[in-house]
Amino acid sequence: MLLSLMLGATHYGWRQVAAALLAFDDADYDQSVIVLQRLPRALMAMFAGAATACAGAVLQAMLRNPLASPSLLGVSSGAAMCVLLVAAALPGAIDWQGLAAMAGGCLGLLASMAVARWVGSVDGNGRGLSLVLAGALVSMFCTAIANALMLTDPQRRDAFMHWLLGNINHVYADRLAQFWPLGCAGMMLLLVLARPLTLLSLGEDKAAAAGVNVPLLSRLALLGVALACSAAVAVCGPLGFVGLAVPHMVRPVMGAALTRLLPGCMLSGALVCLLADMAARTVFAPHALHTGVLLELCGGLAFIAIVRRIYVARPA
């Protein structure tokens, strides 16, 4: 976070950063850049990365599918679609957009699971590709509707095009102030449920034999996932593949127990998004990429590596 505040178009020393944080002077241009531009970006990156990675780890454990993630199972695209639906129906109702993101995240995930079960090919060990393919279908459908809503109105396109690409920008600081409590509530709920979710990851029968109320636990966990991921989408748009790659990066170090995996994913997700945001701002200077675009590029390589390791090197 300190490096994120120091590096950019203009580099600042740590003493300048400390002075801006401890004794902010709004008349000082450099301090205004640090506090009003870079600090909100860093906080947004940390929040979105932690929430998305935490949600991805829980989905992978619940569904026992290593390819499960918010971006691949319709959570992110469903939230984005509902935000644009509300923006089209109720222009200027920013508060309703956050609630729409929550509802859309739940609907996207439930739709993906319903499609997979409808075709009747979700196998018992959760390693089949049917759920991932169903999620990809739902995600494409929701993304198509979101793009259509955005492109039919030039004003709406200008307002949401950058956000839809995953844009960590200080201009969305007001959204962070509005929606971070919901995202943190979702992450706290998942942390509380970490121990029974670990049992659920071993199988529903084993979890039920250990005294876990599987239906109630599943509903609460899905609620936590929707709250965490949808709040992140409401703040800065979909950040693809953080929820897919980060749990696989952390699991060899922290183990499969969610009591340890979730805190590790939250810290690592925040770190990954901070590094991606720094790279998007500095590597291509004087031009700046959207953080979501950079994460998509890196996430595609991670996706290939995960599929190769799980489905090619060790087929189900």
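How many disulfides does a search of the whole structure find? The search finds zero, a disulfide being a pair of cysteine sulfur atoms within 2.5 Å. This is a predicted model, in which local features need pLDDT of at least 70, side-chain atom pairs count only at pLDDT 80 or more, and totals for chains, interfaces and linings use all residues. Residues are numbered from 1 along each chain as its sequence is written, and side-chain values use heavy atoms, with hydrogens and water left out.

**View 1. C142, a cysteine in no disulfide.** The nearest cysteine sulfur to C142 belongs to C82, 7.3 Å away. C142 is buried, at a relative accessible area of 6% (buried means under 20%, with a 1.4 Å probe and protein chains only).

**View 2. C229, also in no disulfide.** Here the nearest cysteine sulfur is that of C236, at 10.0 Å. With a relative accessible area of 1%, C229 is buried.

**View 3. The largest pocket, with about 490 Å³ of space.** A pocket is an open set of points on a 1 Å grid over the protein atoms alone, where a 1.4 Å probe fits, with protein on both sides within 12 Å along at least five of seven lines; lining residues have an atom within 4 Å of a point. Its volume is the space filled by probe spheres set on the points, which are joined across faces, edges and corners.

**View 4. The 22 residues lining the largest pocket.** S77, T143, L164, P238 and E296 lie nearest the centre. Helix α6 gives the largest share of the lining, seven residues (helices are DSSP runs of H or I, at least four residues, numbered from the N terminus).

Note on methods:
Buried means under 20% relative accessible area, exposed over 50%, partly exposed in between (1.4 Å probe, protein chains only). Helices (H or I, at least four residues) and strands (E, at least two) are DSSP runs, numbered from the N terminus.
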